[in-house]
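Welcome, and thanks for taking a look. Please open the structure below and keep it in view as you read this short briefing.

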Amino acid sequence: MQDSALTQVALPLVLAMIMFGMGLGLTLADFSRVLKLPKAVFAGLIGQFLFMPLTALFVAWIFSLSESLAIGLMILAACPGGTMSNVFSQLARANMALSVTLTALSTFICVLTTPLIIGTAIQYYSGEQSPNFSVASTTLSLIIITLIPVMLGMFVKHKFESIADLLEPYFRRFSGVFVILMILAILIEERHSLIDSFSAVFGATLALNLLSIAAGLLLGLLTNLSSRDGITLGIEVGIQNAAMAILITVSLLKQPEYATSAGVYGLTMYIGGALLILLAKQTKMSFVSSN
């Protein structure tokens with residue numbers, strides 16, 4: 001994917017619109033809910049910002065990924081789920097309040113953590129041959145592309161709630177279509193290198209998805225959360241924001257080969273997500289039958 005108006009203007013603008021749409025569904029109560037659900041929220045954040053990067057590092061080593069695929073996997077692990085995790089939570093009938101709270105908090109936190117994780121990964125895998133990367137400029141870019149649109153969306157929600165409620169579903173559908181189109185574009189652009197490494201990157205992204213979902217479920221068990229909250233953690237920890245990862249690799253780093261991992265993950269995450277939805281429904285059925 002060549003450096004163009006598409007990658008430098010259209011892609012950041014569309015992601016900003018997605019984040020604005022997410023802000024339309026957020027209120028200050030979504031942030032203050034951490035006081036009501038401190039254990040669940042803390043466990044979710046630990047899973048997202050500690051377990052996810054470590055799991056990605058482990059998976060990259062197990063599958064002997066190339067430098068570009070490994071860095072791409074680490075970038076993906078540094079990008080919390082965003083609106084897609086909320087969609088999966090809704091389908092699984094998980095704890096939507098907890099899901100939205102974790103999404104809101106992780107969106108703000110990742111502005112600081114994502115550049116640090118990316119910088120560490122690039123230095124670790126590339127060493128002296130690493131491409132130019134600035135933590136400060138990446139942080140600033142993420143603030144402009146993600147935080148400011150989210151805050152604008154929250155402002156509209158606060159001042160014009162009826163309009164926000166009307167627009168938010170359309171933005172959510174738009175984000176799903178955009179992610180699919182971006183994934184297809186990346187896969188087509190990188191098709192030649194993908195042919196040689198498809199089995200490795202497919203296996204690695206699927207393993208990352210399944211292991212991180214399992215980590216979220218395990219955190220729920222270790223913290224004695226309800227099965228519904230545990231499934232919510234599985235979704236929030238296990239579903240990553242492929243669109244943000246693609247934007248960072250293509251528009252900010254100008255390294256489209258890093259985007260291959262995110263592109264393939266955009267397909268494999270539906271496998272783990274579907275399995276978790278089935279687990280949620282099975283758990284609910286077992287609970288009903290036992291009563």
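Helices here are DSSP runs of H or I with at least four residues, numbered from the N terminus. With that in hand, please note that this is a predicted model. Two residues get a closer look below, followed by a word on confidence.

**G220**
- You will find G220 in helix 9, which covers residues 191–222.
- Is G220 buried or exposed? Its relative accessibility is 2%, and because buried means under 20% relative accessible area, G220 counts as buried.
- Setting aside neighbours within four places in sequence, G220 makes contact with L225, G230 and L233.
- A43 sits 177 residues away from G220 in sequence, yet their C-alpha atoms are 7.5 Å apart in space.

**S106**
- A polar atom of the S106 side chain lies 2.8 Å from the backbone oxygen of L102.

**Confidence**
- Across the chain, pLDDT averages 83, and 89% of the residues score at least 70.
- Please take care with residues 285–291, where pLDDT stays under 50; for this stretch the model shows zero contacts beyond four places in sequence.

Terms used: Residues are numbered from 1 along each chain as its sequence is written. This is a predicted model: local features need pLDDT of at least 70, side-chain atom pairs count only at pLDDT 80 or more; totals for chains, interfaces and linings use all residues. Side-chain values use heavy atoms; hydrogens and water are left out. Helices (H or I, at least four residues) and strands (E, at least two) are DSSP runs, numbered from the N terminus. Buried means under 20% relative accessible area, exposed over 50%, partly exposed in between (1.4 Å probe, protein chains only). Contact means heavy atoms within 4.5 Å. A polar contact is a pair of N or O atoms within 3.5 Å; within protein, one must be able to donate a hydrogen and the other to accept it, and residues adjacent in sequence count only if both atoms are side-chain atoms. pLDDT is the predictor's confidence in each residue, from 0 to 100.
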